[in-house]
Amino acid sequence: MPEFQNTYLLFLLALVPLAWLLYLFARNRKKKNLQKLGDPELVAQLLEPYNKQSFPKKFIYIAAALLVLILAIANLRLPTGSQKVDRTGIDVMIAMDVSKSMLAKDIQPNRLERAKQLLSRLIDRLGNNRVGIVIFAGKAYLQMPLTGDLAAAKMYLSSASTASVPTQGTVIADALKMCYASFNNKEKKYKAVILISDGEDHDEAAVKTAQQMAQEGVSIYTVGIGSPGGAPIPDEATGQFKTDEAGNTVISRLNEDELKAIATKGNGAYQLFTNTETVVNNLEAQLASMDQSTVKDDSLVNYQSFYQLFLALALLLLLLELFVSEMKNNKRKRLKIAATMLAMTIALPGMAQGPKTIIKEGNDAYKNSNYPSAIGSYEKVLQNSPENATAQYNLGNALYRNKQTDEAVAAYDKAVNQLSDPVEKSNAYHNKGVVLQNNKKIPECIEAYKEALRLDPNNEDARQNLQKALQQQKEQEQKDKQDKKDKKDEKPDDKKNKDEQPKPQQSKLTKNDAEEKLKALMQKEKNLQDKLRKVNAASPDKPEKDW
């Protein structure tokens with residue numbers, strides 16, 4: 001059944017009756033002005049060269065063209081069934097923790113928002129892989145089944161919140177089972193689960209479930225988000241921190257042991273969230289190392305659009321309006337004007353849409369890891385439009401992926417000069433810093449990260465990468481300082497005799513003394529182990545939680 005893609009634009013149809021009212025107003029005013037001129041017969045003689053029918057005809061053509069243009073931008077289309085696409089890749093289920101403990105702010109702005117940013121970046125790089133989303137807290141829900149529509153996956157991901165799951169708690173086992181149920185059980189491989197959580201599991205069955213899934217060919221990769229020191233949990237309803245039954249402030253801590261055990265038993269790997277780019281790169285490499293198969297995706301519906309017909313009809317109506325002359329015997333002039341307008345109308349869309357089409361081709365090549373082709377598309381746009389900031393920025397990304405680091409830095413510099421939005425400029429400086437940092441150009445990358453934070457203080461990736469770069473700079477300075485000191489303290493005689501080996505001295509420790517010292521060390525080790533066993537035995541049972 002035909003449908004409009006942009007139904008919200010149909011309200012513009014109200015412009016048609018409004019135009020009709022304006023026409024009636026103009027016609028009545030015109031009549032009154034003619035009556036004020038004087039004798040009707042004299043006025044009729046003066047207006048003899050004027051074509052009286054031109055005014056209503058022009059309005060009809062323009063009003064009809066307006067109506068057709070509105071229908072064109074609303075895009076009438078007809079679904080023609082599912083489009084089956086053969087994809088070489090794997091099926092990836094994302095299990096994201098949305099319990100209230102994910103609101104803790106030991107990771108800014110909070111754990112949940114950083115998890116969503118991380119997964120959004122990862123989805124951009126999944127390429128031909130299919131993706132599905134499971135969210136969980138006290139229960140697990142299938143947010144989106146497996147699909148190749150990555151744009152839809154990002155939309156579903158952005159809408160996830162702690163309110164999406166009414167039952168609070170954390171049941172990782174249920175989330176893993178939900179992910180497993182979403183896979184094709186006929187295959188024993190080509191399946192992966194990415195679990196992102198703070199690891200505060202209120203269910204003891206997660207590790208066992210991970211082991212069972214691994215036996216069925218599912219690889220489970222876990223990402224721990226949070227800090228071992230933990231942070232209080234804000235209560236969205238009251239604005240205060242959440243407390244337990246005794247009135248003590250609840251501190252939510254990252255449970256790395258749980259997530260490491262799940263990854264180990266799930267034939268995958270664990271990593272701690274440090275910054276988005278590092279974690280995404282690692283996950284992308286891990287998924288790329290898995291065996292891939294050809295899968296059929298029929299989730300994309302193919303539509304036949306009819307906006308081209310409406311645009312052609314609108315163009316025809318506007319051309320007919322040009323042929324309607326207000327003066328008699330003026331058709332030849334109108335014909336020339338109409339021909340000129342037709343030529344311009346045909347030429348302008350191609351000129352306007354050309355760069356966008358080429359950039360889209362480059363983006364598609366980039367998603368398929370065909371970086372040389374992506375570079376060619378972006379450079380083609382920049383040859384005709386050197387000021388195109390989007391093409392310049394994307395060119396930097398493609399050059400970096402193609403290991404052309406110097407050219408990538410130059411592209412980011414040009415993009416910074418062309419971009420106007422501070423956030424976009426900040427991202428360009430951040431990407432430039434990443435390239436420089438990977439090339440061991442620490443002072444230059446530090447300046448890039450600082451500039452990124454100056455433009456966008458909320459750029460958390462730039463902040464974390466800056467801290468890492470400053471630490472690397474400090475370690476390098478200490479190393480250089482120590483090397484310089486060692487070189488300065490070295491004496492000429494030391495250089496002359498540096499190859500001489502000192503003769504070993506005979507040990508003054510008797511055999512009995514050595515045996516006594518060994519026994520003392522073994523006794524200390526035994527005492528320490530006994531103490532640790534007592535501490536573990538005295539640990540209290542884990543209380544029930546609702547976060």
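Visitor: How much space lies in the largest cavity?
Guide: About 40 Å³. Do keep in mind that this is a predicted model.

Visitor: What makes this space a cavity rather than a pocket?
Guide: A cavity is a set of points where a 1.4 Å probe fits but cannot get out, whereas a pocket is an open set. By the counting rule there is one cavity of 30 Å³ or more.

Visitor: Which residues line the largest cavity, and how do they divide by class?
Guide: The lining consists of Lys100, Leu103, Ile233, Pro234, Asp235, Glu236 and Lys242. Three are nonpolar, none polar and four charged.

Visitor: Why is Trp20 called partly exposed?
Guide: Its relative accessibility is 42%. Buried means under 20% and exposed over 50%, with partly exposed in between, so Trp20 counts as partly exposed. You will find Trp20 in helix α1, residues 15-37.

Visitor: What kind of patch does Trp20 form with Leu15, Leu18, Leu21 and Leu22?
Guide: A nonpolar patch on the surface, with about 500 Å² of accessible area together.

Visitor: And the largest pocket: what is its volume, and what lines it?
Guide: The volume is about 1,000 Å³. The lining has 33 residues, with Arg121, Asp124, Tyr393, Asn397 and Asn431 nearest the centre. Elements that give two or more residues include α4 (111-124), α13 (389-401) and α15 (422-438). With seven residues, α13 gives the most. By class, the lining of the largest pocket has nine nonpolar, 12 polar and 12 charged residues.

Definitions and conventions:
Residues numbered from 1 in each chain as written. Predicted model: local features only at pLDDT ≥ 70, side-chain atom pairs only at ≥ 80, totals over all residues. Heavy atoms only, no water. 1 Å grid on protein atoms, 1.4 Å probe; cavity = no way out; pocket = protein on both sides within 12 Å on 5 of 7 lines; lining within 4 Å. Points joined across faces, edges and corners; volume = space filled by probe spheres on them. Nonpolar A, V, L, I, M, F, W, Y, C, P; charged D, E, K, R; others polar. Patch = residues over 30% accessible without salt bridge, like charges linked within 9 Å, V, L, I, M, F, W, Y side chains within 5 Å. Areas by Shrake-Rupley, 256 points an atom, 1.4 Å probe, with all protein chains shown as cover. Salt bridge = Lys/Arg side-chain N within 4 Å of Asp/Glu carboxyl O. Helix = DSSP H or I, 4+ residues; strand = E, 2+ residues; numbered from the N terminus. Buried < 20%, exposed > 50% of the residue type's maximum accessible area, 1.4 Å probe, protein only.
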